[in-house]
Amino acid sequence: RYPDARFRVLTALPNADGGTGLLEVVADDADAVLAAIGDADLQSLTVLSQRPSRALVQFETASPTLLRAVQSSGTPIQFPIQIRDGEVDWELTISHDRLSTLRSELAARDIDYRLERVRGANADEDLLTTHQWEVLDAAIAAGYYEQPRRTSLTDLASELDMAKSTLSGVLRRAEAALVTSYAADRRHDPSLPTEESGSNAVGGE
């Protein structure tokens, strides 16, 4: 109902009866958004501070599904958690074994998720330029790395207003940097996976 509203879960804890947390709401009409939240499946909602376009609330819920999945997988929670247009944007620092357990817990609870990026913990600085990240993110969003692909290199180049050869070069350099970094990380941490079931090939049309 409010696709432009932004939410940040500042902290949250599961308990025996459900879960409780602090939520920041940023929206043009914070009153209307708070009213909609109050109609949701919550045990309580307490406004701690409020301005016309921003509010801080404490909430209690009887069904903290995502928190339960995190708790069961033993995953450390990193806050804040961003929520926009019904999607949670969540960054984790986690071992491969914990990640596999978390994915199983999410699937068991019918929680849809998308793993957007994996980066080695040994990286001291950003591997890619801003432009490379932008192009790579656009390729991921367009389904270029899915199997089967939802878009071709030609269509992606047209969408980004780039020459096909230029786009191919940007993607290949980005892929090479990420793969090289991952291989280096794996030499330091042999527990990282050598093969991911259902992984997609890179490069090409």
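Visitor: Which residues is L167 in contact with, leaving aside its neighbours within four places in sequence?

Guide: Contact means heavy atoms within 4.5 Å. On that basis L167 touches V135, L153, L156, A157, L160 and M162, with neighbours within four places in sequence left aside. The model is predicted, so local features need pLDDT of at least 70 and side-chain atom pairs pLDDT 80 or more, while totals for chains, interfaces and linings use all residues. Residues are numbered from 1 along each chain as its sequence is written, and side-chain values use heavy atoms, without hydrogens and water.

Visitor: How many residues has the largest nonpolar core?

Guide: A nonpolar core is a set of buried (under 20% relative accessible area, 1.4 Å probe, protein chains only) Ala, Val, Leu, Ile, Met, Phe, Trp, Tyr and Cys residues joined through side-chain atoms within 4.5 Å. The largest here has 16 residues, and Y144, L156, L167 and L171 have the most contacts inside it. Another core, of 15 residues, lies apart from it and includes F7, V9, L23 and V33.

Visitor: In what order do the six strands of the open sheet stand?

Guide: Strands of a sheet pair through backbone hydrogen bonds, either parallel or antiparallel. Strands are DSSP runs (E, at least two residues), numbered from the N terminus, and two of them pair if DSSP finds at least two bridges between them. Here the order is β3-β4-β2-β1-β5-β6, with antiparallel pairing. Because β3 (44-51) and β6 (87-89) stand at the edges with a single partner strand each, one side of each has no neighbour in the sheet.

Visitor: How many bridges join β5 to β6?

Guide: Three bridges join β5 (residues 81-84) to β6; I83 has V88 as its bridge partner in β6.

Note on methods:
Helices (H or I, at least four residues) and strands (E, at least two) are DSSP runs, numbered from the N terminus. Buried means under 20% relative accessible area, exposed over 50%, partly exposed in between (1.4 Å probe, protein chains only).
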